Amino acid sequence: MSKDPVHVIGGGLAGSEAAWQIAEAGVPVVLHEMRPVRGTDAHKTEGLAELVCSNSFRSDDAETNAVGLLHAEMRLAGSLIMSAGDAHQVPAGGALAVDRDGFSDAVTRRIEAHPLITIQREEVPGLPPANWDQAIIATGPLTAPSLAQSIAEATGADALAFFDAIAPIVHFDTIDMNTCWFQSRYDKVGPGGTGKDYINCPMDKEQYLAFVAALLEGQKTEFKQWEGTPYFDGCLPIEVMAERGVETLRHGPMKPMGLTNVHNPSVKAYAVVQLRQDNALGTLYNMVGFQTKLKHAEQVQVFRTIPGLENAEFARLGGLHRNTYINSPTLLDRSLQLKSRPGLRFAGQITGCEGYVESAAIGLLAGRFAAAERLGQAPSLPPQTTAFGALLNHITGGHIVSDDEPGKRSFQPMNVNFGLFPPVEAPKNEGKRLRGKDKTVAKRRAITARALADCRAWLGLPARAEAAE
């Protein structure tokens with residue numbers, strides 16, 4: 001067996017997970033991270049797996065939610081990212097949210113302590129040298145320009161960029177809890193939660209309309225070098241959502257459904273702003289869905305018009321950063337390997353997946369594939385019926401390019417979702433056909449049950465014993 005290391009470029013979630021999986025397979029790893037030698041527009045620390053946007057890994061429901069299913073599969077596969085996330089979770093209703101500093105510190109400590117992982121703090125300015133015969137590029141949305149240019153030149157295709165926006169964080173003790181109240185939507189209890197995991201700020205119609213007008217009129221940050229870059233719909237700035245129609249926000253992040261104002265139960269709010277706990281101490285809360293490109297002074301002025309936030313102090317204001325990804329379906333094979341250069345793989349958001357968990361999952365797969373090859377084995381691809389396989393298939397071959405526009409780049413970043421899975425028939429309930437919501441839930445349960453069984457088989461784990469009736 002060759003003892004030459006696998007080189008992983010990028011110490012974000014995908015790179016950290018890839019390095020961990022390789023080392024756990026018994027193969028040495030060199031993890032290259034450019035911070036703090038070179039910083040980025042969004043990172044604030046030099047820690048591995050720093051969360052620069054939300055602190056949420058989204059739903060942890062493995063039975064009826066696709067990302068929750070991906071959580072479960074990653075746990076089965078020994079994911080470092082999920083282990084650290086579980087150890088540093090903070091209340092977030094049905095979601096898994098984490099203390100961002102505790103999470104990053106935990107990942108960093110475990111990577112540093114692994115005997116087969118060497119961390120090199122340096123920028124890799126171009127593609128890996130030829131003697132790095134097994135390497136993974138996991139540089140994420142903030143790939144250094146020189147490396148991005150090298151990737152574009154090597155693949156003959158332009159890297160595509162779009163904007164990601166960051167939401168503000170508020171100091172808890174500056175929130176007026178005589179106006180706001182704790183409640184999860186529909187009182188849903190999630191991991192580590194109580195059903196009262198969000199702070200809710202109510203608005204009547206007049207306040208809501210004035211708020212939308214202020215968003216539209218506020219001064220925004222613009223970056224001329226990125227003009228024409230598309231936004232990712234899953235991370236739209238709140239003012240961009242407001243531009244799509246005055247009612248858009250109250251049917252999106254500001255929807256009032258499932259919430260009752262404990263200070264005035266008989267009056268239904270027209271819109272509600274929610275804040276989610278951001279650290280284990282409960283001293284910081286982030287504004288859910290409030291990614292923004294408003295200028296900082298404008299953010300303070302506009303967001304203090306929200307009832308309960310009139311005296312809010314901000315630990316961090318919102319901002320913009322660029323996201324870069326490659327045209328994976330044409331450039332990568334099924335094992336995430338660059339078709340034009342065997343042994344060089346890509347992982348994480350740069351492949352065209354979106355979201356913390358998805359990025360880490362693709363890092364996990366790339367690490368396993370690279371380790372297998374270093375051990376003289378063929379990479380074992382996950383079944384498409386699993387969340388791993390469904391996401392991998394979307395990135396490496398599931399996207400259809402329109403024949404009507406052969407030159408148009410249409411591959412877009414995507415979160416894991418049930419539309420990526422092979423369909424199943426909805427089970428019948430005592431011989432009767434299910435309809436509507438009941439049918440949807442039943443189909444999702446069938447997809448997740450199949451996925452977890454197939455994932456266990458792929459990983460060589462024993463089938464899960466069914467609980468006795």
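Reader: Why is Tyr 285 called buried?

Author: This is a predicted model. In it, Tyr 285 has a relative accessible area of 5%. Buried means under 20%, so Tyr 285 is buried.

Reader: What makes Phe 211 and Phe 290 a tilted pair?

Author: Two values decide it. The ring centres lie 6.0 Å apart, and the cut-off for a pair is 6.5 Å. The planes stand at 35°. Stacked needs under 30 degrees and edge-to-face needs over 60.

Reader: Where in the chain do Phe 211 and Phe 290 sit?

Author: Phe 211 is in helix H6, residues 205–217. Phe 290 is in the loop between E13 and helix H8.

Reader: How do you know whether Phe 211 is buried or exposed?

Author: Its relative accessible area is 1%. The limit for buried is under 20%, so Phe 211 is buried. Phe 290 comes out at 0% and is buried as well.

Reader: Why is Phe 172 called partly exposed?

Author: Phe 172 has 26% relative accessibility. Buried would need under 20%, and exposed over 50%. The value of 26% lies in between, so Phe 172 counts as partly exposed.

Reader: What lies over the face of Tyr 270?

Author: Arg 250 does, at 3.7 Å from the ring centre. The distance limit for such a charge is within 6 Å.

Reader: Which residues do ring pairs link into a cluster with Phe 57?

Author: Phe 103 and Tyr 356.

Note on methods. Residues are numbered from 1 along each chain as its sequence is written. This is a predicted model: local features need pLDDT of at least 70, side-chain atom pairs count only at pLDDT 80 or more; totals for chains, interfaces and linings use all residues. Side-chain values use heavy atoms; hydrogens and water are left out. Buried means under 20% relative accessible area, exposed over 50%, partly exposed in between (1.4 Å probe, protein chains only). Helices (H or I, at least four residues) and strands (E, at least two) are DSSP runs, numbered from the N terminus. A charge sits over a ring if NZ of Lys or CZ of Arg is within 6 Å of the ring centre and within 35 degrees of the ring normal.
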